[in-house]
Amino acid sequence: MNITVLSVGKLKEKYLKQGIEEYVKRLSGYAKMEIIEVADEKAPENLSDQEMKQIKEKEGERILAKISDDMHVIALAIDGKMKSSEEFAIHLDKLATYGTSKVAFVIGGSLGLSEKVMKRANESLSFSQMTFPHQLMRLILLEQIYRAFRINRGEPYHK
């Protein structure tokens, strides 16, 4: 399975970079991993709805440029479907079993994802009703992908 994590913004925090590198290393035995960062737009505090939409659209175009036609796209969004770790593991296993070898997880910027990105997505996934910094979400996502592979292989880890 080829898994791409497509994320808006550069990762600056050293502790997050270290955690992400660790999970990418752990996942190398299960899947081919690629992390792609696209530039984020500067977003001042007091934006109008139209300005927010324009920023999301610019970031969205950068995201869409990195998504190939044969990718199964899972957008991370607060209003997406929530799954337990076990349900997520089963879902990833089904994707692999039924010929979906390229999966892209998309993490938007601080304002979220554009309508075009959401329309391109095959599904949306929510990790919580809470809001997480998008940089931290990368680490949480990679940990859950790793956990899913361990669950699917019957390997100890997910307790």
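Let's start with Ser68, which comes out partly exposed at a relative accessible area of 27% (buried is under 20% relative accessible area, exposed is over 50%, and partly exposed sits in between, with a 1.4 Å probe and protein chains only). Keep in mind that this is a predicted model, where local features need pLDDT of at least 70, side-chain atom pairs count only at pLDDT 80 or more, and totals for chains, interfaces and linings use all residues. Residues are numbered from 1 along each chain as its sequence is written, and side-chain values use heavy atoms, with hydrogens and water left out.

**Overall fold**

- There are five helices and five strands in the chain; these are DSSP runs, numbered from the N terminus, with helices being H or I of at least four residues and strands being E of at least two.
- Walk along the sequence and you get the pattern β-α-β-α-β-α-β-α-β-α.
- For 159 residues, a compact globule would have a radius of gyration near 15 Å, and the chain agrees with its 15 Å; that radius is taken over C-alpha atoms, and the globule rule is 2.2 Å times the number of residues to the power 0.38.
- If you want a box for the C-alpha atoms, take roughly 50 × 35 × 25 Å along the principal axes.

**Burial, contacts and charge**

- Of the 159 residues in the chain, 44% are buried.
- Among contacts with a separation of 6 or more, 84% come from residues 24 or more positions apart; a contact here means heavy atoms within 4.5 Å.
- The chain has an accessible surface of about 9100 Å², and carbon and sulfur atoms own 50% of that; the areas come from the Shrake-Rupley method with a 1.4 Å probe, and for residues only the protein chains shown count as cover.
- On the charge side, the chain has 25 positive and 23 negative charges, with mean positions 4 Å apart.
- Lys and Arg count as positive, Asp and Glu as negative, while His and the chain ends are not counted; each charge is placed at NZ of Lys, CZ of Arg, CG of Asp or CD of Glu.

**Aromatic pairs**

- The structure holds four aromatic pairs; rings of Phe, Tyr and Trp (its six-membered ring) pair if their centres lie within 6.5 Å, and planes under 30 degrees apart count as stacked, over 60 as edge-to-face and the rest as tilted.
- Take Tyr30 and Tyr146: the ring centres are 6.0 Å apart and the planes sit at 70°, so this pair is edge-to-face.

**Around helix α2**

- Leu47 sits in the loop between β2 (32–38) and α2 (49–65), and with a relative accessible area of 19% it is buried.
- Skipping neighbours within four places in sequence, Leu47 touches Met52, Ile55 and Leu111.
- Leu47 and Ile151 are 104 residues apart along the chain, with 43 Å between their C-alpha atoms.
- Gly60 is in helix α2 itself and counts as buried at 2% relative accessibility.
- With neighbours within four places set aside, Gly60 is in contact with Ser114 and Val117.
- From Gly60 to Met33 the C-alpha separation is 22 Å, at 27 residues apart along the chain.
- Back to Ser68: this residue lies in the loop between α2 and β3 (72–82), and its C-alpha is 9.2 Å from that of Lys102, 34 residues away along the chain.

**Gln144 in helix α5**

- Gln144 has its place in helix α5 and is buried, at 15% relative accessibility.
- Again leaving out neighbours within four places in sequence, Gln144 is in contact with Ser85, Phe88 and Phe127.
- Gln144 and Tyr23 are 121 residues apart in sequence, but 9.7 Å apart in space, C-alpha to C-alpha.
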